[in-house]
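Visitor: Please take a close look at one part of this model and go through it step by step.

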Amino acid sequence: MPPFDAEILARLQFAFTVSFHILFPTLTIGLAGFLVFFEAKYLRTHNETWLVLYRFWVKIFALTFGMGVVSGLVLSYQFGTNWSEWSRVTGPALGPLIGFEVLTAFFLEAGFLGIMLFGWQKVGPRLHFLATCLVATGTAISAFWILAANSWMQTPAGASLVNGQYVVDDWLAVIFNPSFPWRLLHMTTASYLTTALVVSGISAFYLLTGSHRDVARQAFSAGMWGVLMLAPLQIFLGDQHGLNTLEHQPIKVAAMEGNWETRGGVPFHIFAMPDQKEQRNRLEISIPYGSSLILRHDPAGIVPGLKDVAVEDQPPVGIVFWSFRVMVGLGFLFLALGLWGGWARWRGTLYDVIWLKRFAVSLTPAGFVATLAGWFVTEVGRQPYTVYGAMRTEDSFSPSVTGASVATTLVLFLIVYGGLFGAYLYYLTKLVRRGPDPLATRETEEKPEAIRGARPGLVVPAE
Amino acid sequence: METLAIISGAVIGVAILMYVVLDGFDLGVGILFPFAPDEGARNTMINSVAPVWDGNETWLILGGGGLLVFFPIAYSIALPAFYIPVMAMLFALIFRGVTFEFRHQAHTSTHLWNRSFFWGSLIAAFMQGTLLGALVQGVEVEGVRYAGGMFDWLTPFSVLTGIGVVVGYGLLGATWLIYKTEGHVQDWARSSAVVLGGGTLIAMVAVSVMTPLLRPAIADRWFGGVNILYLSPIPLLTLAFAVSLFWSIFSKRELLPFLSSIGLFVLGFAGIAISLYPNIIPPSVAVWDAVATRSSIVFALAGVAVVLPMVLLYTVYAYSVFHGKASEHGGYAHHEHE
């Protein structure tokens with residue numbers, strides 16, 4: 001037994017780097033949409049509050065986008081360094097999807113991000129708006145391709161293994177594999193919902209402290225509309241995605257439900273301690289027939305059980321079970337916030353209910369937690385496979401890489417990403433504390449052209 | 001299939017060359033960072049690359065992604081073989097990349113991000129050069145897997161190519177700054193370019209002398225039969241670009257030094273490609289041994305043919321929006337609202 005198990009370390013490393021990375025695109029995909037909305041509103045109404053909002057949120061966008069770029073680059077090489085067997089076997093099927101992501105999304109984002117951030121003085125307002133739209137489109141296209149690749153690993157289709165490598169015979173089947181449409185919708189909505197929570201939360205903070213009143217009201221209103229519309233949509237999409245998983249990855253659903261035996265009339269466990277060794281749950285608190293009702297819409301409906309497969313083919317049940325509950329629990333909290341906001345708006349007291357604002361502030365980072373929990377469910381639930389049912393994780397690892405190298409880089413990632421995250425939060429807090437900059441009178445009255453400052457929020461010296 | 005393999009190889013080659021030239025100059029700006037005359041010059045330097053660095057680095061993802069697309073076997077051999085330099089390069093690029101966003105938010109910690117920008121750029125450049133050298137000297141392969149150790153990449157030759165790339169990127173950075181700056185920053189960039197140009201030429205000569213000594217096959221490629229005649233344009237053109245580099249620096253041209261440096265890089269790259277052909281992982285894996293299946297290549301090449309021209313078009317547009325001299329205050333001014 002070597003001092004380190006290289007494969008376990010590589011799994012920890014990938015779980016850590018990919019979890020770290022996904023936090024940033026989750027915000028930028030949604031925030032890009034909000035920025036398009038703010039700029040469109042400004043161009044249409046010429047109400048400067050929208051411009052102030054744009055300028056404020058684009059700074060947070062830039063900061064977050066930078067983090068996404070550097071942590072994403074790592075992943076595109078980590079596939080090869082740590083998972084060379086996986087790369088060789090799945091490369092012919094997944095490579096082109098990732099290649100298309102680079103070609104159609106990354107270049108588009110990178111090409112127009114410069115104009116979006118620094119082009120205010122260089123291009124006209126319409127062209128600038130176009131740049132914002134293209135960056136937003138780029139983030140969505142990026143999600144499309146990478147989720148197609150991920151979904152293919154969950155529900156492979158359109159390709160067959162020939163001489164140890166996948167050969168694709170139907171690209172449309174590869175891209176639009178069975179779990180892809182629901183996963184794409186579920187994740188994109190997660191992005192927008194997370195962003196709506198961040199926008200409402202930060203605006204609620206300003207409303208509570210009484211700063212930046214008009215700007216904060218407008219953003220709070222927009223954010224709360226987002227939560228009200230997206231939270232119920234997300235619950236519906238999650239349910240559909242779950243039914244899709246039931247069809248294609250029943251053992252993952254068994255782990256989510258903590259259900260060991262395939263049978264009818266399965267309860268929904270609100271609480272349980274799954275014990276994989278004993279193949280049973282401890283301390284169950286359950287709603288009778290709940291699971292059968294949710295999954296089969298029938299109290300007697302059959303729900304798959306983990307014991308259908310050998311222990312070594314089961315995913316780690318506890319992680320999947322609990323991540324699922326964290327995600328669903330938060331989802332219903334988001335729904336509660338959305339409904340409360342809708343009710344307060346209807347009563348005309350949206351900006352006055354202190355506890356609503358406090359609730360919104362407390363949920364600011366919760367969308368990220370729910371998104372990560374959802375990814376834990378789907379990725380850990382796919383184990384022990386990288387390509388579901390076809391390629392095991394232990395066969396995906398790079399055989400020549402030593403445990404010591406993986407351990408060293410893992411420790412470095414922990415330190416470096418920890419430090420980076422600290423710096424990111426520090427500068428983010430700094431931006432939030434300073435808040436949106438009002439347009440200087442000088443800017444709007446004496447020098448109308450300076451509204452398009454070189455950097456949003458930057459008062460540009462006259463040229 | 002052989003034709004497809006060669007076309008695929010050419011696509012990867014173009015992606016890597018684009019990366020080397022484009023990110024080369026902005027990494028070079030980072031390498032020159034601590035030597036800049038003052039903090040104002042550093043602001044100008046970072047502003048000159050801030051709007052374009054992200055697009056430049058995307059070519060690196062295309063290179064890695066492209067290798068996975070077209071040559072999954074080469075990707076799965078090379079990355080474990082170069083585990084340590086690849087990881088070091090990635091960490092370095094992280095530190096460098098976040099500098100663009102963090103530095104201009106910073107007040108008291110600017111010097112910290114200056115250092116992060118310099119070391120990140122320097123280490124990334126050095127590791128890229130080392131990777132190149134390690135590839136040229138050859139990789140031990142058994143079947144479809146890497147069969148060597150974790151430190152096979154580290155040799156005097158790969159250290160030499162590492163230093164060569166650092167100096168070469170420095171030259172690209174310096175000549176880019178000649179083009180994008182004025183006044184005392186431009187004067188400083190000019191004198192830096194002279195030193196770095198000399199260094200680059202020395203490194204190119206050293207690598208050219210050592211490469212044929214690595215393997216008889218490479219020597220035979222260059223000197224066997226009448227090959228030297230066919231290949232003579234490479235050294236001759238290199239000489240011509242070297243002359244035009246120094247002439248244009250001394251005669252105070254602004255764009256020509258940058259173009260000449262790019263010319264030197266293109267020719268150096270061509271020289272390496274000629275030495276390696278038809279191997280993608282020398283000495284034993286040829287492009288057609290490692291190439292992906294037909295359906296993957298056709299699908300990907302169709303995408304490249306449609307999308308890449310559009311990418312090039314709007315990249316040119318994005319550059320043209322930011323044409324002209326970079327200023328100390330435009331773009332990322334690092335202290336807002338003073």
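Guide: Helices (H or I, at least four residues) and strands (E, at least two) are DSSP runs, numbered from the N terminus. By that count, chain A has 14 helices and eight strands. The radius of gyration of chain A (taken over C-alpha atoms) is 24 Å, close to the 23 Å of the globule rule (2.2 Å times the number of residues to the power 0.38), so chain A is as compact as a globular protein of 463 residues. The model is predicted: local features need pLDDT of at least 70 and side-chain atom pairs 80 or more, while totals for chains, interfaces and linings use all residues. Residues are numbered from 1 along each chain as its sequence is written, and chains are lettered from A and ligands numbered from 1 in the order in which they are written.

The C-alpha trace of chain A spans about 75 × 50 × 45 Å along its principal axes. Two residues are in contact if their C-beta atoms, placed from the backbone, lie within 7 Å. Of the contacts in chain A between residues at least 6 apart in sequence, 74% join residues at least 24 apart.

Now to the side of chain A that touches chain B. The contact takes 63 residues from chain A and 62 from chain B. On chain A, α2 (48-82), α3 (84-118), β2 (165-168) and α13 (403-434) each supply at least two residues of that side. The largest share, 23 residues, comes from α3(A). By class, the residues of this side of chain A are 37 nonpolar (Ala, Val, Leu, Ile, Met, Phe, Trp, Tyr, Cys and Pro), six charged (Asp, Glu, Lys and Arg) and 20 polar (the others, Gly among them).
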